[in-house]
Amino acid sequence: MDSGSLDQSLDYLFRRPAVILRALKKYWFVLHLATLDECKQSLNTPVKISYPVEIFFYDNFSFKSKLGMTTLVGGLMRSLGGVAHSVCRASPWVLRGCGSGAAAGGQHSLASSHTPTITWTPLLTSVRFRYHSEKLARGPLIRNYGYEEKLWKGGLMPHIAESKRLPIPLYRPKNIWTERRALFGQNDYIDILGSGELHPTQVAYSVPPWLRGFKGNEFQMLLRKRKIFGNEMRRYRPTKFREMNRSIKRLYRYLNQKTRTYFWKRA
Amino acid sequence: MSLTLRLAFYPRLHCVVRNVVTSCSKGATDTVVVPKSSGAPLIIQDKWKDDKGAVEGREAWVETLDNSTNSTQLGLIHLNPRIFASYPRLDIIHENVVWQKKSRMVNYAHTKHRSEVRGGGKKPWPQKGSGRSRHGSIRSPLWKGGGIVHGPRAFTTQFYMLPYHKRVRGLISTLSAKFAQDDIKIVENLDMPSDEAGYLEQLCEDRYWGPSVLFVDESDIMPRNITLATDTLGHMNLMPVYGLNVYSMLKHTTLVLTVGATRLMEEKLLYNLDRPDGRSLVTRFRK
């Protein structure tokens with residue numbers, strides 16, 4: 001890149017106050033160019049630059065100008081003797097070059113366009129903000145854009161005074177000290193604490209007699225019901241008895257012919 | 001069913017000699033006889049044969065429900081550390097409570113299948129030609145008002161039996177936990193001078209016996225006065241030893257045991273801890 005175009009690029013660059021050339025560590029050279037004049041002055045004077053050099057710029061440029069910026073900055077870098085990487089996304093940007101060679105204090109002149117002896121590969125890092133205040137100024141990150149939370153934020157529901165109640169049931173706390181609730185679980189340990197002859201299932205009076213100590217699926221339950229109540233139902237509940245028999249038949253067919261049940265494993 | 005609220009035909013008589021009856025079994029001593037008008041303190045001791053001295057025995061006051069005496073505390077009782085000082089296994093207590101709830105639960109919720117819903121035998125419209133989707137019955141689960149496929153079916157039970165030794169351990173853990181929290185009060189007997197509910201309520205207030213109290217005696221026939229007093233109070237209940245259970249012990253804040261009930265319970269639980277035929281109890285329950 002010749003000095004004329006460099007001049008232009010620098011002109012473009014430094015019209016924006018956001019560009020800083022800055023060194024970070026002891027290996028890095030700080031090049032603060034506040035005004036174009038200063039820059040031009042520095043152009044004429046040979047500047048001792050020991051690599052690497054970091055060009056840090058930040059601003060909310062448009063995409064196009066970003067690219068423009070990077071090409072210009074890349075040009076600047078190259079003129080300083082650097083090789084710019086291809087750029088990637090986000091603003092602000094940092095173009096950081098680091099020295100690959102070993103020679104220290106390579107003298108480069110901004111004005112001159114001679115190729116340096118040492119090449120170095122700049123690293124590109126994208127940062128979210130230069131100053132924290134800028135981040136805050138940008139505001140909070142918008143999440144779930146377009147999502148409307150269907151939540152009633154209007155406070156308590158309307159209370160119609162001296163009028164009919166709202167259509168919600170009145171709260172009636174249960175009396176937990178009724179006899180049934182107070183003595184729940186009594187005699188569950190009768191086989192341990194009693195004489196040992198009785199089993200808790202024999203004294204589970206709250207459970208229907210035919211279901212005491214029973215657990216099974218619907219099919220097993222219906223079979224048990226038929227065994228115990230079959231005769232009675234045949235005589236006094238014929239329709240119900242018939243329906244029960246049909247259910248049993250249907251369940252038998254379903255469980256044994258239409259679906260896998262865990263009983264199969266035993267067979 | 002409560003077997004506890006039965007009126008005794010005669011009140012219990014105070015014996016001249018105070019007997020603390022313990023049944024003759026492993027780890028129990030003979031009756032302790034203390035004269036009534038003796039100045040010596042009442043200490044109800046029990047030397048357990050399997051006491052290796054590894055765990056310190058626990059002691060508790062023996063109280064009385066009679067407020068007219070000059071001191072409500074009559075003496076001291078030694079409690080077996082294997083029952084009242086074991087480590088309370090919270091997970092086992094939880095399992096016991098869950099078992100008690102589930103084993104007697106019957107779900108009566110019922111939904112009808114497509115075959116049980118009234119109607120729906122006829123094909124609503126021909127298979128092809130009408131332009132509508134094909135259907136075989138108006139009571140299929142796809143239809144409004146149709147049958148429910150996998151809904152609840154009546155008389156569903158969740159019965160199961162918790163292993164015998166887990167239930168024993170549950171009782172022991174609960175007793176230990178309650179004792180550690182000073183929620184167990186040992187009482188000589190359940191004799192009261194008055195049969196009024198107010199007297200009992202006042203007594204519990206004065207002694208800071210929690211909002212709910214469970215009185216446990218060895219037999220299911222309780223003295224007349226306490227039966228009448230607790231009849232109207234829902235939060236104070238009577239129970240025999242065989243009716244004791246983890247759920248009730250947790251539901252009632254304070255557990256009041258008579259000396260006889262304590263000894264009987266200890267005997268039962270100790271026997272069940274190292275039963276010779278324990279293996280026969282570890283079988284699946286079959287109806």
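1. The largest cavity in this predicted model has a volume of about 90 Å³, where a cavity is a set of points on a 1 Å grid over the protein atoms alone at which a 1.4 Å probe fits but cannot get out, and a volume is the space filled by probe spheres set on the points, joined across faces, edges and corners. The structure holds 1 cavity of 30 Å³ or more.

2. The lining of the largest cavity comprises 13 residues, lining residues being those with an atom within 4 Å of a point; A:Pro200, A:Thr201, A:Ala204, B:Ser103 and B:Phe159 lie nearest its centre. By class, the lining divides into 7 nonpolar, 3 polar and 3 charged residues, with Ala, Val, Leu, Ile, Met, Phe, Trp, Tyr, Cys and Pro counted as nonpolar, Asp, Glu, Lys and Arg as charged, and the others, Gly among them, as polar.

3. Chain B contains an open sheet of 7 strands with mixed pairing, in the order E3-E5-E4-E8-E11-E9-E10; strands are DSSP runs (E, at least two residues) numbered from the N terminus, and two of them pair if DSSP finds at least two bridges between them. Its edge strands, each pairing on one side only, are E3 (42–44) and E10 (236–240) of chain B.

4. E3(B) pairs with strand E5 (residues 73–79) of chain B in the parallel sense over 3 bridges, and B:Leu76 in E5(B) is the bridge partner of B:Ile43.

5. Residues are numbered from 1 along each chain as its sequence is written, and chains are lettered from A in the order in which they are written. Local features need pLDDT of at least 70, side-chain atom pairs count only at pLDDT 80 or more, and totals for chains, interfaces and linings use all residues, while side-chain values use heavy atoms, leaving out hydrogens and water.

Definitions and conventions:
On a 1 Å grid over the protein atoms alone, a cavity is a set of points where a 1.4 Å probe fits but cannot get out, and a pocket is an open set with protein on both sides within 12 Å along at least five of seven lines; lining residues have an atom within 4 Å of a point. Helices (H or I, at least four residues) and strands (E, at least two) are DSSP runs, numbered from the N terminus.
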